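Let us walk through this structure, one side chain at a time. Keep the view open as you read.

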There are 2 protein chains.
Amino acid sequence: MRLTQYFLPTLKENPAEAQIVSHRLMLRAGMIRQSSAGIYSWLPMGFKVLQKIEQIVREEQDAAGCQEVLMPTIQPAELWRESGRYDDYGAEMLRIKDRHGRDMLYGPTNEEQITEIFKASTKSYKQLPKLLYHIQWKFRDEVRPRFGVMRGREFLMKDAYSFDLDYEGAVRAYRKFFVAYLRTFARMGLKAIPMQADSGPIGGDMSHEFQILADTGESRVFCHKDFLKFDPLQSEIDFDADLKPIVDKWTGLYAAADEKHDPAKCPVPADQLLDARGIEVGHIFYFGTKYSAPLGANVDGPDGKSTTVHMGSYGIGVSRLAGAIIEASHDAAGIIWPESVAPFQVGLINLKVGDAKTDALSGDLYAKLKQKKIDVLYDDRDERAGAKFADMDLIGLPWQIVVGPRGAASGTVEVKNRKSGEKAEMPLEQALAKVAPKAV
Amino acid sequence: MRLTQYFLPTLKENPAEAQIVSHRLMLRAGMIRQSSAGIYSWLPMGFKVLQKIEQIVREEQDAAGCQEVLMPTIQPAELWRESGRYDDYGAEMLRIKDRHGRDMLYGPTNEEQITEIFKASTKSYKQLPKLLYHIQWKFRDEVRPRFGVMRGREFLMKDAYSFDLDYEGAVRAYRKFFVAYLRTFARMGLKAIPMQADSGPIGGDMSHEFQILADTGESRVFCHKDFLKFDPLQSEIDFDADLKPIVDKWTGLYAAADEKHDPAKCPVPADQLLDARGIEVGHIFYFGTKYSAPLGANVDGPDGKSTTVHMGSYGIGVSRLAGAIIEASHDAAGIIWPESVAPFQVGLINLKVGDAKTDALSGDLYAKLKQKKIDVLYDDRDERAGAKFADMDLIGLPWQIVVGPRGAASGTVEVKNRKSGEKAEMPLEQALAKVAPKAV
């Protein structure tokens with residue numbers, strides 16, 4: 001993509017309304033634009049990142065054996081009256097009346113709806129287990145939306161639901177999502193720590209939130225330093241195998257959010273305890289028959305008796321992740337995208353537009369990168385070098401290739417890694433090999 | 001995917017509420033489930049089709065040089081007050097008050113919003129032209145929603161918008177979409193006929209709707225038979241070249257919807273006139289400064305003077321297409337998916353589950369198809385043959401491979417083409433080659 005043709009409205013100044021770094025950088029890098037409080041449009045570069053995040057989430061859900069559906073944003077109120085949540089939900093629920101005066105709502109979540117879908121077609125234990133998910137926009141009418149896409153009103157969420165005959169089945173489902181979540185966040189270059197969360201009225205230990213580590217994170221978290229050595233992508237996962245050993249490994253170490261951390265009772269010696277900041281990006285949750293009982297989601301068990309199915313729900317904040325990744329990966333100059341979610345792999349800077357040799361070499365490189373299917377943003381603007389460097393650092397593509405008039409004479413370019421800051425002069429072919437994406 | 005594990009709630013009976021064939025077949029094939037009037041959930045197989053349609057639309061928009069964004073579903077009422085449409089729009093607009101009493105709405109379309117986004121960042125004619133699109137859920141509160149996803153209340157639409165300095169620029173943009181639309185529908189196996197549509201208050205001939213031919217289509221259309229000979233995919237398109245010759249070819253032949261067709265004035269001889277039925281799936285429309293003027297979307301022109309930009313909008317009914325394709329391609333037994341949008345390329349039927357040899361051969365084929373990245377649905381249910389054949393014809397995958405105990409003994413299978421109905425016995429390796437997808 002040529003920058004002169006791209007719709008990338010970067011800002012030089014820090015927008016006054018943005019209180020946190022990801023919000024500032026997303027506005028400055030031209031990724032999003034506010035439509036109204038807590039509601040954003042995703043501009044081309046922001047949308048590319050959102051799609052990449054969504055695709056990683058999708059692939060890992062699919063790998064875990066979860067099937068994708070798409071439920072609508074507007075739900076009938078009756079369904080929520082059946083579960084008893086319509087009146088309980090409070091002012092965060094966006095309530096709507098349609099032209100016939102029927103009570104509707106913009107879904108803040110989908111337990112009721114997926115249970116209704118499941119129930120309509122599943123009659124026998126033989127059809128179990130079933131894992132279903134969708135990636136859809138939700139609405140929660142926050143009193144005071146802020147922090148950009150990190151706490152928006154309209155936000156994109158992946159929510160999955162599991163249906164099992166009994167508790168043992170639900171445990172198996174829970175473990176699949178636990179492991180899929182570790183892989184999902186690791187693929188985005190994030191360090192995610194699962195922490196036990198409130199499990200609500202059901203009790204038990206089957207509720208975890210996933211906090212990713214970020215110096216500018218919203219909450220303080222504590223965990224064993226050994227978590228930093230774990231790599232969820234080290235080996236292939238067979239999701240049909242027993243996943244208990246993996247889950248045990250990750251839940252065997254101490255980890256707690258601030259409100260649950262009691263220094264007096266913490267079992268980890270101070271020198272092995274990480275005192276860090278985190279951002280919640282996922283939550284998995286077993287809730288038994290909380291929705292299946294009132295909505296009547298029963299199947300015939302092996303003994304012929306009708307049994308209420310056991311359910312769990314598993315959420316990932318997809319649009320929130322775009323902000324969370326920036327919180328975890330940026331510096332004073334701007335964003336530092338992990339390769340897997342970068343909007344482009346390479347930024348190509350032509351330092352002297354109008355100079356025949358730099359134009360020719362830049363054009364040649366641009367064509368060759370596209371030929372190799374390496375996604376490249378070509379800064380072909382007639383701008384001074386300083387502005388080009390600043391913009392490229394701001395938008396944070398993993399690699400920069402700089403073509404200047406001196407190098408162009410000898411056929412060399414400068415390659416810079418955005419994350420490490422390392423720079424080196426090299427011939428064109430070597431530069432092409434250097435910036436090729438690594439397979440994840 | 002193994003059918004015993006897939007969430008595919010097919011129905012044996014015709015649902016009483018469905019008046020048209022696509023609605024009936026989508027319900028019977030377990031593609032969708034109604035949530036409330038005119039609002040549907042997309043179940044796994046329906047969602048796969050929807051994604052494939054969406055991806056073809058996306059690829060052709062990208063090829064035409066249009067950049068993807070994503071605007072939110074919930075818009076502020078003020079924006080629509082600026083354009084004067086808030087009060088004009090009528091009861092079809094879903095109006096909402098948020099918790100602070102602010103007037104919001106669920107977007108039925110996005111002219112105002114995209115104009116606001118464009119305006120905020122574009123100051124000079126040098127930044128033009130700009131083509132922007134998004135694929136997002138819309139809501140139109142129809143009085144009497146019916147015909148399934150063909151006329152839903154919540155529906156997925158691709159809407160694109162062009163911004164140009166002058167009329168000539170807008171003509172160039174218009175032609176790009178015209179050609180992109182021809183290619184888009186052709187890739188879905190559809191015969192789309194562009195027909196001049198009402199151009200509204202601006203006048204001129206820059207408004208076309210695209211009707212696809214389908215025997216069960218909603219409206220009667222008339223066109224020259226030579227349209228059937230045109231193939232939009234015959235040659236590569238350079239979207240930066242002059243597209244006038246292509247547009248002239250397609251607009252040079254007579255085509256008119258029923259309400260515009262006057263037999264007395266029709267220039268086509270009766271034996272060359274096609275009297276058919278059609279379904280509107282796209283509409284492209286130049287509207288000059290209708291929104292840019294009231295919203296103040298101006299740029300500095302080459303002469304330094306402020307100029308109001310010329311705009312057009314270009315819509316495709318993405319979720320509607322899922323129904324329209326079925327209307328255009330089905331028979332008494334069920335759906336006949338064109339390969340490009342089929343949820344799976346192959347349906348593999350094991351005729352005798354439990355028989356060692358058929359199980360082994362079916363399992364072997366299933367593994368080999370997956371290895372070749374051919375998307376396959378494996379009917380491994382313990383059901384009678386008749387039910388399996390009926391279900392496979394109903395869901396309409398392009399190819400069926402039938403493994404029976406007799407063939408299994410000799411290593412042969414039966415391959416059936418769903419569209420032609422042709423069947424042939426052949427060895428496994430030959431079957432694998434036969435069902436491989438053709439590149440489009």
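A residue counts as buried when its relative accessible area is under 20%. This is a predicted model. Start with B:D379. Its relative accessible area is 1%, so B:D379 is buried. B:D379 forms a salt bridge with B:R381, and the closest N and O atoms are 3.0 Å apart. B:R381 has 17% relative accessibility, so B:R381 is buried as well.

Now turn to another pair in chain B. B:R153 and B:D141 meet through their side chains in a salt bridge of 2.8 Å, N to O. Both residues lie in the loop between β7 (130-139) and β8 (154-164) of chain B, so the bridge ties together parts that are 12 residues apart in sequence. B:R153 is buried, and B:D141 is too.

The side chains of A:D240 and A:K176 form a salt bridge at 3.9 Å, N to O. A:D240 sits in the loop between β11 (219-224) and α7 (244-251), while A:K176 belongs to helix α6 (residues 167-187), so this pair joins parts 64 residues apart in sequence. A:D240 is exposed because its relative accessibility is 70%. A:K176, at 17%, counts as buried.

Over all chains, the salt bridges number 60. Some share partners: A:E59, A:E60, A:R183 and A:R187 are joined into one network in this way.

Finish at B:T358, in helix α10 (residues 356-371) of chain B. Its relative accessibility is 0%, so B:T358 counts as buried. Beyond four places away in sequence, B:T358 touches residues including B:N350, B:K352 and B:V403.

How values were computed:
Residues are numbered from 1 along each chain as its sequence is written. Chains are lettered from A and ligands numbered from 1 in the order in which they are written. This is a predicted model: local features need pLDDT of at least 70, side-chain atom pairs count only at pLDDT 80 or more; totals for chains, interfaces and linings use all residues. Side-chain values use heavy atoms; hydrogens and water are left out. Helices (H or I, at least four residues) and strands (E, at least two) are DSSP runs, numbered from the N terminus. Buried means under 20% relative accessible area, exposed over 50%, partly exposed in between (1.4 Å probe, protein chains only). Contact means heavy atoms within 4.5 Å. A salt bridge is a side-chain nitrogen of Lys or Arg within 4 Å of a carboxyl oxygen of Asp or Glu.
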